[in-house]
Amino acid sequence: MKVKPLALLKMSCIFVILKPLLLLVALQIFFDDTTQAAPTTNADTKPLSNWLNRSGTETTTTTNEHSSSKAKSNLKWTSRSAWQAAPAIHTPTRITGAVGGVSHVIIHHTATPAAACRQSTNACSATIRAVQHNHQQQRGWDDIGYNFLIGGSEERAEIYEGRGFGVVGAHAVGYNARSVGIAVIGDWTADLPPGPVLEKMQELIDYGVQKGHIQRNYVLLGHRQVKATDCPGSRLYNELKEWPHNEQRAV
């Protein structure tokens with residue numbers, strides 16, 4: 001069958017009209033595939049390090065004066081409100097005149113059973129409340145004596161806010177206004193605290209230096225070096241002797 005010239009002309013015109021449309025469809029398919037293969041980030045996309053801390057749990061930020069700085073360095077601690085601290089009896093005394101931060105870090109132990117903090121954070125919080133009750137009701141102090149406490153197990157460790165940074169403690173006479181007092185929950189006379197607990201202690205000290213709460217050339221001491229006491233326990237004290245910044249005499 002022969003195609004008439006008029007029919008050929010009509011077919012040519014249709015092809016000329018459809019060619020640009022077909023090209024546009026092909027380009028749209030190409031760009032759609034490219035977009036699906038390589039999605040762009042948006043405001044809700046965050047690096048994994050922003051969501052997880054070293055223990056693999058979601059990093060929480062508490063509503064206290066340290067919240068913004070903690071988020072920057074990704075250091076987490078349990079706030080006073082979280083462990084249900086009683087309020088201080090009087091307004092806390094702020095440390096003044098400590099240029100570049102305090103000069104000393106003094107390590108203690110609570111001389112209480114460590115088992116509670118090995119079990120759960122709730123049990124550990126109950127232990128800290130008992131320590132605070134003893135300090136306030138039995139010793140007549142304004143608040144729990146330490147700036148921070150640390151407890152945990154072989155698998156995990158938590159930092160608990162005591163008086164916090166920048167506040168005069170009640171843990172070492174003669175040093176309270178120029179030191180940070182850190183208590184390791186437990187009795188460390190014969191045993192060494194679990195590894196994660198010691199790691200948290202170093203992280204907390206490093207954080208304090210980074211944020212200007214502790215001087216870079218700080219002196220690390222065990223409580224027995226500034227008072228006649230067994231604190232922080234012989235096993236922990238011997239461990240501290242091997243740490244940087246430790247001095248074998250009180251300064």
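This is a predicted model: local features need pLDDT of at least 70, side-chain atom pairs count only at pLDDT 80 or more; totals for chains, interfaces and linings use all residues.
Guide: Residues are numbered from 1 along each chain as its sequence is written, and side-chain values use heavy atoms, with hydrogens and water left out.

Visitor: Why are β3 and β5 said to stand at the edges?

Guide: The open sheet has five strands in the order β3-β2-β4-β1-β5, with mixed pairing. β3 (157-161) and β5 (214-222) each have a single partner strand, so one side of each lacks a neighbour in the sheet.

Visitor: How do you know that helix α6 touches the sheet?

Guide: Contact means heavy atoms within 4.5 Å. By that criterion α6 (residues 195-210) touches β1, β2, β3, β4 (179-184) and β5. The direction of α6 makes about 145° with that of β5; axes are lines fitted to C-alpha atoms, for helices over the stretch in contact, and angles run from 0 to 180 degrees between N-to-C directions. Helix α5 (residues 121-138) lies across β2 (148-152) and β3, at about 35° to β3.

Visitor: What makes a space count as a pocket rather than a cavity?

Guide: On a 1 Å grid over the protein atoms alone, a cavity is a set of points where a 1.4 Å probe fits but cannot get out, whereas a pocket is an open set with protein on both sides within 12 Å along at least five of seven lines. The largest pocket has a volume of about 410 Å³. Lining residues have an atom within 4 Å of a point; of the 21 here, the closest to the centre are His135, Arg139, Trp141, Tyr146 and His223. Helix α5 gives the most to this lining, with five residues.

Visitor: Which residues does Thr112 touch?

Guide: Thr112 is in the loop between β1 and α4 (115-119). Leaving out residues up to four places away in sequence, Thr112 touches Thr127, Val131, Ile185, Gly186 and Asp187.

Note on methods
Two strands pair if DSSP finds at least two bridges between them. Helices (H or I, at least four residues) and strands (E, at least two) are DSSP runs, numbered from the N terminus. Grid points are joined across faces, edges and corners, and a volume is the space filled by probe spheres set on the points.
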